[in-house]
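Please find below a colleague's note on the model.

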Amino acid sequence: MRAPNATTDRPTSPTIRRLAPNAAVAAIAAAAATCQPAPQAGGTAAGDPAAAAPAQLRIEVTHDAALHDGPLTGRLYTVFAPSDDPEPRIAGYNSARQRNGEVPFFSADVEQAAPGDAMVIDAGADGYPYRRLGGLPAGDYWVQAILHVYTEYERADGHTIWAPQDQWEGQRWAFSPGNYFSEARRVRIDPASDDVISFELTGEIPPIEVPADTEWVKRIRIQSEILSEWWGHPMYLGAVVLLPRGFDENPDMRYPLVIEEGHFTLDPVFGFTTEPPSGEALFSQMRREAGGMRESGYDFAQAWMGDDFPRVVAVILQHPTPYFDDSYGLNSANNGPYGDAIHEELIPYIEENFRLIGEPYARVMTGGSTGGWISLAKMLHYPTYYGGTWTYYPDPIDFRRYQLVNIYEDESAFIVPGSVPGAPERMFQRTVEGQPVGSNRQISQLEVAQGSRGRGAGQLDAWHAAYGPTDEDGYPKRLWDLDTGIIDREVAHYMRDNGYDLRHYAEENWSRIGPDLVGKIRIYNPEMDHFYLPYAVYLMEEFLESTTDPYYAGEFIHGAPMKGHGWSPFTNAELVRQMAAHVADNAPEGASTAWMEGR
């Protein structure tokens, strides 16, 4: 069945019917019980003047057996956009990723909905930026429904759960192949009305089109036996591989491995492209790199392909989970044995198939943000496997500074200890000038709206899945209640005691791991990081600089004022040159460094 095109398939009149009187009474009662606005910083309503009005509107979504002949389980989203370009599902997803609330959406779990059964969005549905449907201003919207389909997993830990299987799109519900969506229609919305608006799922998102390989860029995808056994379902790992100049012409040469850790992507490492940027792409590149020295992907490619550039193989690893677009690189109670799978299956596969040296001194890592945490975590937990890390603006690496929260002492992730009533709440995000732009309460509300039980692929729930324990039903147990902000100290201590608080892990295990880490740790820290990440870095630096027997002998560089998330003191080409020189300097006697000399 052809998926509707929002730019050409114009809407028909929406199907609206009236609730029966008894149904209207029930809807009003449910709304009165559940329709409360989400407070902003300071405890005021989140720009939600209509939130107090009871929502009686009901949106019903069905599917036909011709689309899917059987029951469906997943998360149903309805998106309310100002236009149909892009489609509301895409606009809503992008707005959620940017956390700007410009495109409201509401969602609810669906369990075993048979063809013809109504899947419902009503007063009880979760939403963002309006927590409940009653907060949505009345008006004309382009509305679209999409069902994020869940998979049943019978895991080796004894739990059976339902969660979204990544389809090689990086856990993006608006783009995940196999998800079903309705046409987009322009609808007059009045949440206080007793209208029932009906939609039918008629389109299915097609498989991801993986870019074709080139002379320089290769893509691999393998089924992981380790993960498939644990999840009770086929699970996959992959990589985007960037080959050096002369790779095919020098079949006897072996190369070091440079790993850029980070989020799921099908794009090459460091943005490598042989196409010069132009127009909006150039503007976006300049805007993205305003905080540091990173060059465009085209400029990096010119250096990479040059005669004087060290010849290494550089990769981005792909390890999406049912909870997020990457696993954070370690074994965990919720994600399963991703650390084992990466180190015992994926990296050996890459080294065997792309003529790599395959020794610890010749494996080096870098990464920023999530990738920064991964690169440092893997360095600490696998100190004899890697030769070094160049870590940028990592996610929290000391949980006494989980951004601005001390998870071991604070009672709430929302309220600043000792603050007076009405004081600003804890922030999640700021500008480089220090202007707050989003609070922990607001991002917690967004995560609730994106999915229950940690299944929305949001940042907080990604951390819960990677660091925390499971609940009694096998889903991630959250560090704090997303409605109240109250911190679960048991979860906090689990995260610390199982090695995810990296500063604590390093300090507790230094006598064992320290000798294998000397000279291997470099961390680059922008002082005005948008996500309040520098403070944990300072605590890690304090510990590492205090080390003796052995001294860590690494490097910390802190950004100049007004440098934010994404800052780097080097271009990517300079970074790779540094990493290559480090590998060459640490090569054992007699090992070839012809790859470094450009021969």
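1. Which residues in α7 meet which residues in α11? On the α7 side they are W373, L376, A377, L380 and H381, and in α11 they are L502, Y505, A506 and I513; contact here means heavy atoms within 4.5 Å. The residues of this contact comprise eight nonpolar, one polar and no charged. In this classification Ala, Val, Leu, Ile, Met, Phe, Trp, Tyr, Cys and Pro are nonpolar, Asp, Glu, Lys and Arg are charged, and the others, Gly among them, are polar.

2. The model is a predicted one, in which local features require pLDDT of at least 70 and side-chain atom pairs pLDDT 80 or more, while totals for chains, interfaces and linings use all residues. Residues are numbered from 1 along each chain as its sequence is written, and side-chain values use heavy atoms, with hydrogens and water left out.

3. Helix α7 (residues 370-381) packs on helix α11 (residues 502-513) at an angle of about 25 degrees, the axes being 10 Å apart. This makes α7 roughly parallel to α11; the term applies to angles under 35 degrees, with over 145 roughly antiparallel, 65 to 115 roughly perpendicular and the rest oblique. Axes are lines fitted to C-alpha atoms, for helices over the stretch in contact, and angles run from 0 to 180 degrees between N-to-C directions. Helices (H or I, at least four residues) and strands (E, at least two) are DSSP runs, numbered from the N terminus.

4. Between helix α5 (residues 297-304) and helix α13 (residues 572-585) the packing angle is about 40 degrees, with the axes 9 Å apart. The two helices, α5 and α13, are therefore oblique to each other. F300, A303 and W304 of α5 make the contact with N572, A573 and V576 of α13. By class, this contact of α5 with α13 has five nonpolar, one polar and no charged residues.

5. Helix α8 (residues 440-450) and helix α9 (residues 459-467) cross at roughly 75 degrees, and their axes come within 8 Å. I443, S444 and E447 of α8 meet Q459, L460 and D461 of α9. The α8 contact with α9 divides into two nonpolar, two polar and two charged residues.

6. Four cavities of 30 Å³ or more are present in the structure. A cavity is a set of points, on a 1 Å grid over the protein atoms alone, where a 1.4 Å probe fits but cannot get out; lining residues have an atom within 4 Å of a point. The second largest cavity holds about 60 Å³ of space. Its lining consists of Q165, D166, W168, R221, M235, Y236, P320, T321 and P322, with five nonpolar, two polar and two charged residues.

7. The peptide bond from D85 to P86 is cis, with omega near 5 degrees, and P86 is placed in the loop between β3 (72-81) and α2 (88-98). The bond from D549 to P550 is also cis, with omega near 5 degrees; P550 lies in the loop between α12 (534-546) and β23 (555-558).

8. Where is Y393 placed? Y393 is in strand β19 (residues 388-394). Phi of Y393 is near 25 degrees, a positive value in a residue other than glycine.

Methods:
On a 1 Å grid over the protein atoms alone, a cavity is a set of points where a 1.4 Å probe fits but cannot get out, and a pocket is an open set with protein on both sides within 12 Å along at least five of seven lines; lining residues have an atom within 4 Å of a point. Grid points are joined across faces, edges and corners, and a volume is the space filled by probe spheres set on the points.
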